[in-house]
Amino acid sequence: MFDRLLGIDRGKIGDADYWDFRWGSMPALWLVVLVLVPTIIVLTYLVYRKEGRSASNGMKFFLGALRCLLILLALCIIFEPIIFVEREYPRESTVLVLVDESLSMGLVDPCADSEKKEEIAWATGISRKRGAALSAEQAGTVDSLKRIDIANRILRNDALFEEDGKKMDVLEKLARRFTIKSYTFAAALRPAPSLGHVELKDTSTSTAIGDSLMAAFNATRGHQLVAVVLVSDGCSNVGADPVFVAKLLAEQGKDVPVYTIAPGVPVEPRDIELIGLEAPEAVQARDFAIFDVTLKSTGLDGISVSVFLSEGEREVAEETVTLESGREQRVSLKYKPIRPGEYVCTVSVPVEPGEIVAENNRLSQLLKVVDEKTRVLFVDNFPRWEYRSLKNALIRDDTLDAWCFLQSADPDFSQETSRGLEPLLELPRTAQELYKYDVIIFGDVDPNGPGFSSVPGVAEEIQRNIVSFVEDIGGGFAMIAGKRDSPGRYRVTPMMKILPIVLEDGDYRTFEQAPNRPSFMLQVTPQGRDHPIMKLDSDPVRNLNLWQDPDGNGDGLPGMYWFYPVKRTKSGATALAVHPTEQNKYGHLPIIAVQPCGRGRSLFVSTDETWSWRFVVGDKYFYSFWREAIRFLRGGRLVGGKRFTVKTDKPKYGVGEVVKISARILDPDYKPLEDPSYPAHLSGPQAEHTEIQLKAVAGRPGAYEAEYKPESVGFHKLSVGADLFGEERDSGFASFAVQVPVKEYANPMLDRKTLESIATTTRGAFVELGDIQKLPDLITGRGATFAIEPKEDELWDSPLALLLFAIMITTEWIVRKRARLV
């Protein structure tokens with residue numbers, strides 16, 4: 001009860017190694033004794049001396065003494081009396097162990113040095129005798145060890161060694177002297193329940209050694225930290241620089257040494273990486289599909305390797321390339337799919353001996369093979385040579401269904417088509433009529449001429465439907481310039497939106513052939529050299545000679561005389577060929593240009609003389625160009641259906657990344673769907689199926705979006721519209737690959753320099769694998785220390801002080817009342 005009244009813990013005082021009574025804010029003692037106390041006594045005496053005669057002198061003396069005590073008690077409360085206690089208690093010292101669990105720790109370092117291999121075998125318990133020659137089985141085991149395997153083995157190695165009969169037991173020896181706090185890390189720090197059995201964190205996309213080191217210090221704040229053991233390959237690729245963090249901790253007075261261990265060998269990496277794949281998403285059966293792969297190698301200069309293309313499990317193409325270390329090399333593989341369907345096509349390079357990363361030796365892409373004829377609508381005004389040549393080639397091509405429409409033809413003229421098709425009686429006008437085609441080609445078409453209704457507004461409606469055909473349905477559109485109408489009369493029409501060129505300022509002009517103008521050869525742009533439309537020959541050198549005839553020996557295509565001069569290509573468009581001499585402030589004038597337009601694609605050719613390429617060789621080059629142009633333009637329709645299109649924001653994702661899905665869906669009447677949601681179907685690499693609900697986007701009719709986080713590495717296919725309305729062929733699809741994070745393998749060589757810098761900066765040490773048994777002796781901190789815990793108990797605000805003050809002032813008032821002094 002008395003302890004409670006004083007507000008103190010008697011137990012703490014009894015267990016204290018030292019205690020003392022102190023004043024918190026009392027002035028000097030001489031001032032209290034010689035000034036304050038006499039002043040209080042004198043003032044109290046003077047006050048009661050003047051009191052009335054109703055009280056005796058003895059009563060006045062008693063009341064005066066009581067008043068003095070009351071004032072002195074108030075002063076004691078103001079001076080803040082305190083009981084100060086100190087107690088010593090033991091404090092365990094802590095060693096912090098951090099183990100890297102990032103994906104780069106799953107790499108195998110090839111080791112050709114026999115002594116280093118013996119060192120690893122001894123440190124990991126594979127060999128019981130240090131420096132002993134390894135058997136074939138032991139050497140094979142060492143060669144198969146991943147970095148994380150070495151880390152686990154050296155931490156839990158409890159094998160008996162022949163040289164002294166003792167165990168390594170690094171962790172056990174440390175645990176006898178210190179408290180062990182263990183963590184693993186990749187992109188972030190997390191507690192490790194059991195060291196020696198760390199597994200790779202498959203969803204880690206990066207390694208943050210610096211951030212994890214700082215987080216570990218913060219997590220052990222309040223502990224008596226004597227050392228940090230860092231087991232890592234040093235490959236930090238995000239966050240703060242680990243050496244900078246080590247310097248920062250040292251500057252903050254955290255005198256804690258870091259001992260670093262590299263579980264591997266810092267050898268120059270040998271690696272082949274496929275860094276890019278360009279291939280069509282869909283092709284026509286029996287057409288060639290070209291896969292252009294870009295690879296880069298390190299440490300394998302001069303080695304010849306095979307690059308394989310597989311359709312599923314079947315190899316369909318092979319090329320050989322001689323590696324040039326550090327340089328990007330491009331390899332083209334071509335094959336002709338026969339059977340319609342969807343195939344995962346994989347480009348791969350066999351893993352060379354000593355490669356430390358095998359996962360980047362292959363790239364895959366989904367290829368849709370269709371066996372449907374391409375539907376082409378070809379419109380022109382007059383039967384010029386370009387029209388005649390292209391029309392004849394189109395209707396002879398048995399892979400196409402071609403409909404031709406000549407504006408200047410007599411009303412009773414039967415418009416020409418492929419064999420067996422009904423001829424057109426008029427130009428298709430409605431969206432439904434246009435949407436049945438895959439590619440529309442306009443020659444020198446009069447936008448207000450026959451075929452376009454004379455009723456006001458109808459011509460513009462037809463043009464808007466053509467724009468929708470390209471942008472929304474994924475159709476292809478091509479325009480061949482002419483001397484009368486195209487493209488000049490389209491300057492202010494809706495169709496200008498889908499042309500890849502910008503016209504010169506001013507009114508529409510016709511461009512007749514200038515007299516005596518010299519012929520010119522097209523100049524192929526760097527982008528055009530790799531474009532399928534411009535590949536007239538499979539050999540790049542011969543192909544370029546055909547276009548440009550640089551030697552002037554007549555091996556090239558016939559020269560051209562006329563072209564329609566345009567201002568420039570639009571932003572986002574690509575010029576495949578330009579005029580060799582004619583130019584303006586934007587550069588050489590474009591002759592052939594392409595452009596993506598929503599779901600579809602467009603092509604502009606500013607000359608009507610490609611028919612001249614038929615000279616001597618017939619359709620060999622002329623129709624090769626137009627056949628590839630039609631295939632290119634049809635690409636948007638092959639990937640998606642008429643009513644369904646779906647795409648992802650990227651073709652490749654790292655593990656753990658979010659896939660953003662967007663789709664455009666039309667109803668059976670080709671109007672934007674207004675349902676609040678729509679299902680999409682996803683099939684994964686193990687044939688697992690997932691339904692994803694696409695949500696309608698507010699304010700954008702027909703637009704739908706969703707997000708998905710794939711959990712498995714491999715190829716994924718996304719489809720919308722399959723098995724709906726009985727139109728499976730009309731479904732849209734997209735594909736994407738989930739791959740091992742690139743950051744983890746961007747610079748895979750074990751970074752010994754970083755680990756040594758961390759150790760040096762913190763006054764620790766870089767511990768070689770052969771010296772791992774010395775680690776417990778290197779950590780010299782005491783196993784336990786004693787800390788002093790100070791404690792202050794304040795008495796001035798205790799219940800007893802307030803109670804005494806209340807009793808004394810009440811007693812004085814009662815006595816004065818009885819003495820009739822109140």
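A salt bridge is a side-chain nitrogen of Lys or Arg within 4 Å of a carboxyl oxygen of Asp or Glu. The structure holds 37 of them. The model is predicted: local features need pLDDT of at least 70, side-chain atom pairs count only at pLDDT 80 or more, and totals for chains, interfaces and linings use all residues. Residues are numbered from 1 along each chain as its sequence is written, and side-chain values use heavy atoms, with hydrogens and water left out.

**Stop 1: salt bridges**

Select Lys535 and Asp292. These residues form a salt bridge, with the closest N and O atoms 3.8 Å apart. Lys535 lies in the loop between helix H14 (526–529) and helix H15 (540–548), and Asp292 in strand E9 (residues 289–298), so the pair ties together parts that are 243 residues apart in sequence. Helices (H or I, at least four residues) and strands (E, at least two) are DSSP runs, numbered from the N terminus. Are the two residues buried or exposed? Lys535 is partly exposed at 23% relative accessibility, whereas Asp292 is buried at 7%. Here, buried means under 20% relative accessible area, exposed over 50%, and partly exposed in between (1.4 Å probe, protein chains only).

Next, select Glu768 and Arg752, whose side chains meet in a salt bridge of 2.3 Å, N to O. Glu768 is in the loop between strand E33 (765–767) and helix H19 (775–778), while Arg752 belongs to helix H18 (residues 752–761), so this pair ties together parts that are 16 residues apart in sequence. Glu768 has a relative accessible area of 23% and is partly exposed; Arg752, at 26%, is also partly exposed.

**Stop 2: a sheet of 8 strands**

Display the open sheet with the strand order E25-E27-E30-E29-E28-E31-E32-E26, in which the pairing is mixed. Two strands count as paired if DSSP finds at least two bridges between them. Strands of a sheet pair through backbone hydrogen bonds, either parallel or antiparallel. Which strands stand at the edges? They are E25 (644–648) and E26 (652–654); each has a single partner strand, so one side of each is left without a neighbour in the sheet. On average, neighbouring strands of this sheet are turned by 30° against each other, direction ignored. For such angles, axes are lines fitted to C-alpha atoms, for helices over the stretch in contact, and angles run from 0 to 180 degrees between N-to-C directions.

Within this sheet, select strand E31 (residues 714–720) and strand E32 (residues 732–739), which run antiparallel and are joined by 7 bridges. Leu718 stands opposite Ala734 in E32. Ser735 is also found in strand E32, and with a relative accessible area of 13% it is buried. The C-alpha atoms of Ser735 and Pro651 are separated by 7.1 Å, although the residues are 84 apart along the chain.

**Stop 3: a hairpin**

Move to strand E3 (residues 179–185) and strand E4 (residues 189–191), an antiparallel pair joined by 3 bridges. E3 and E4 form a hairpin, with 3 residues between them. Select Tyr183 to find its bridge partner in E4, Pro191.

**Stop 4: a loop serine**

Select Ser127, in the loop between helix H5 (114–123) and helix H6 (136–143). Ser127 counts as buried, at 5% relative accessibility. A polar atom of the Ser127 side chain lies 3.1 Å from the backbone oxygen of Lys129.

**Stop 5: backbone geometry**

Most residues other than glycine have a negative phi, and most peptide bonds are trans. Select Ser486 and Pro487, which are joined by a cis peptide bond with omega of about 0°. Pro487 is placed in the loop between strand E18 (476–480) and strand E19 (501–502).

Glu80, which is not a glycine, has a positive phi of about 55°. Glu80 lies in the loop between helix H4 (57–78) and strand E2 (81–100) and is partly exposed, at 29% relative accessibility. Arg286, likewise a residue other than glycine, has a positive phi near 70°. Arg286 is found in the loop between strand E8 (282–284) and E9, and it is partly exposed with a relative accessible area of 43%.

Notes: A polar contact is a pair of N or O atoms within 3.5 Å; within protein, one must be able to donate a hydrogen and the other to accept it, and residues adjacent in sequence count only if both atoms are side-chain atoms.
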